[in-house]
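Subject: Structure handover

Hello,

Here is the structure for you to look at. Please open it before reading on.

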Amino acid sequence: MRRIGARRADGAVALIGPRARALPAALLAALPAALPALRDWVVAGLAREAEQRRLFPWLAVAFGGGILAYFAAADGAPSLAAPLIAAALALAPVPVLGARPAALAAALAVAAAFLGFAAATWRVSQVAAPILTRTTIGPLVGTVEALDEREVGARLVIRVESFAGLAPEARPARVRVSFRKTPIPRPGDGVAATARLLPPPEAARPGGYDFARDAYFQGIGAVGSLIGTVTVREPSGPPPLGLRLAAALDAARNGLTRRIAEAAGGQAGAVAAALVTGKRGLIGPATNDALRAAGIYHVVSISGLHMVLAAGVVFWLVRALLAAVPLCALLWPIKKIAAGFAMVGVTAYCAFSGWDIAAERSLIMTLIMLGAILVDRPALSMRNLALAALIALAREPEGLLGPSFQMSFGAVAGLIACARLIDGRLLVRPGAGRIGRLVGTGLSAITGTLATTLVAQVATAPFATYHFQTVQPFGLVGNALTLPLVSLVVMPAAVIGCLAYPFALDRPVWWLMGQAVAGMLAISDWIAGFERAVLVLPAFGAGALALLTAGLLLGTLPASRLRWLAVPPVLLGLVLAARPDRYDLYVDRQGAGAAVRGPDGRLAALGSPSGFVLEQWLKADGDGRRPAALIVRSGSGRCDRLGCTARLPDGRAVALVRDRRAFPEDCARAAVLITGLAAPPTCTGPLVIDRRVLAARGAVALRTDGDGFAARYAWDDGRAVPWRPAAGRGPGPPRPVTAEPGDRPAEDGVAATPEADAAPGGDLAPGDAPAEPLQ
């Protein structure tokens, strides 16, 4: 946070009463006497943890800490040799530390942290690819690698052969574009078209979701749209084997998606298809909203639930078939055979569903737990979870920063830690009669489902609130009513339908699956109609999330009473989360729009921010209003073709300039001047946020501070990271900005923005925002 402007005239003196001052003094006086007892308690707890071999999961935590250090602090490109040498030095004394368990654990933790840093360094170097640095329109030639059909048009990922005459070192290798016409090219087709491409959108607000970072790790160097006619042509040369395989698999997924959607019909068919193939483009916005309000959107996203259910269905079918043959049941280890078939089946399912990052992590976790059956180990344990986390993070270190990884592993850690508490078998009394057993089994199933959902929601709540700023109070009801349908009908039908698909006998199965999904949607619509079905909470900072995460780790990983150490960070994290930073002015990264806090205390749109950007600002402010109702058009009274004006709560003026002719007047009267143009050097009166500032610092948030401002920028640290193009960063010349954001007023008062090109319909699609909660 940076202070801009004059200091407060009255100072900032906090009044603390005598009792409040006496309490810390008493605590400090009692601390020396309590320290020895606390130390003995911790040492005894650590000894018990070592006895039960519960220290291994902390290696995964240390590994993740090294990854976090890279993404939070690395400035430039670190040497890969440095963390590897440091890890080797940390491991060197390990053979002689057997008699000193504390020193041994510390050495292993330090080595794991350095290895995590090395994994992030290696991953970044391996995915490095050119990123477009300015909006560019020109001819695009390439091969369609993947395609997502939508309600209108489609979104394509194209492997680029040439674009606008750019040299190979400046030309993106892969781009993602929208196309709203027909016919739509198929995966594997060579295409030639005119494209309007721009750099992947960065964070819409300081601390917000950075799509540019995710695009970098997906190898996408630009986003945009295809203009005019698309010509399908033969590729200029034989496509690489990997591209051919990816295109063929994507074409097969699209074919099955259409078949399921047609057989089931309507939105039930769209959701059923997404459950099987991972293609969510056919799901309408109203259906998405209802699923989110009911807290069951994780059912649609291919994740841990799908992997476990798919593996469980295959495991049960194979084991039941083998058990039906007495000779096999007596002579063969049918449980292990079933686990082997389940491993093959769930891997094939993950590959066919698109091998999404979330699905891959869930696959790793599922394979490790099935592998534990093969070697006669407990399938569900913290050691297995830690091993899955280590493998997933070693493959994709960037996943640590996203909600998918955090919520998946957080939920499973919570369920493992609370396994005894949520075990419904406690309700089945030994020696009970048939009716008693039936009643006990039913109650156990209901209690187990509710308890499992509650534990998962509590464990994932910090991450969901931090990334999405929303809470679904009735999610427990939604999951309790829909998960039985998913577990008993939807997923078994999905497995049977996939097995019947090669024989063209699958349509009745998809119809049956669609009926179950329709019931799930009816429940979602019912819950979405509740008052306050979705609560929007103000965004809190990374510090509160770090404390709540520490509390989750301390509350789930230890087996001893050391779990009580989770209480202080959780309480402090809740206090910080309840006191979020709220800003009085947001400015988008293009200078095309802003949000200003009005006299009523709520944000109002200024200029032409895109719907997606405005939604991010509203959520960060804890405001659940729809963005469309706040868009201000030209001629509204506050906006004209030269610009817009508004006033902050303290009465100072804010001006947004669209035309250079407005500079003389607005520079003289405004306290803050926003523009996508380059402000003239004579404009020194107001705080100027022009395209030079935005190109170098990104999106801006301001809070009034007396007669000055406290400012936060998207790139406050000024670090050089690979997913930000070098041009326009730091003290050097700004990144070139074309005319679209603000050099000329748009025809309808809405300037072009990256989000308008990133998806059909004008806004980023749900898939571009952070992934939905995965459990």
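Below is what was found in it.

This is a predicted model: local features need pLDDT of at least 70, side-chain atom pairs count only at pLDDT 80 or more, and totals for chains, interfaces and linings use all residues. Numbering starts from 1 along each chain as its sequence is written, and side-chain values use heavy atoms, with hydrogens and water left out.

Five strands close into a barrel in the order 2-3-4-6-5, with mixed pairing. Neighbouring strands of this sheet are turned by 50° against each other on average, direction ignored. Helix 6 (residues 241-264) packs on the sheet and touches strand 2 (136-149) and strand 3 (154-163). The direction of helix 6 makes about 60° with that of strand 2. Axes here are lines fitted to C-alpha atoms, for helices over the stretch in contact, and angles run from 0 to 180 degrees between N-to-C directions. Contact means heavy atoms within 4.5 Å.

Strand 4 (residues 174-179) and strand 6 (residues 220-233) pair in the parallel sense over five bridges. Arg174 has Ile220 in strand 6 as its bridge partner. Strands pair if DSSP finds at least two bridges between them. Helices (H or I, at least four residues) and strands (E, at least two) are DSSP runs, numbered from the N terminus.

Strand 10 (residues 593-597) is mostly covered: five of its five residues are buried. Buried means under 20% relative accessible area, exposed over 50%, and partly exposed in between (1.4 Å probe, protein chains only). Gly593, Ala595 and Arg597 point one way, while Ala594 and Val596 point the other way.

Strand 9 (residues 585-587) pairs with strand 10 in the antiparallel sense over three bridges. Val587 stands opposite Ala594. The two strands form a hairpin with five residues between them, and Gly591 in the turn has a positive phi of about 75°.

On to strand 11 (residues 603-607): five bridges join it to strand 10, and the two run antiparallel. Val596 stands opposite Ala604.

Best wishes
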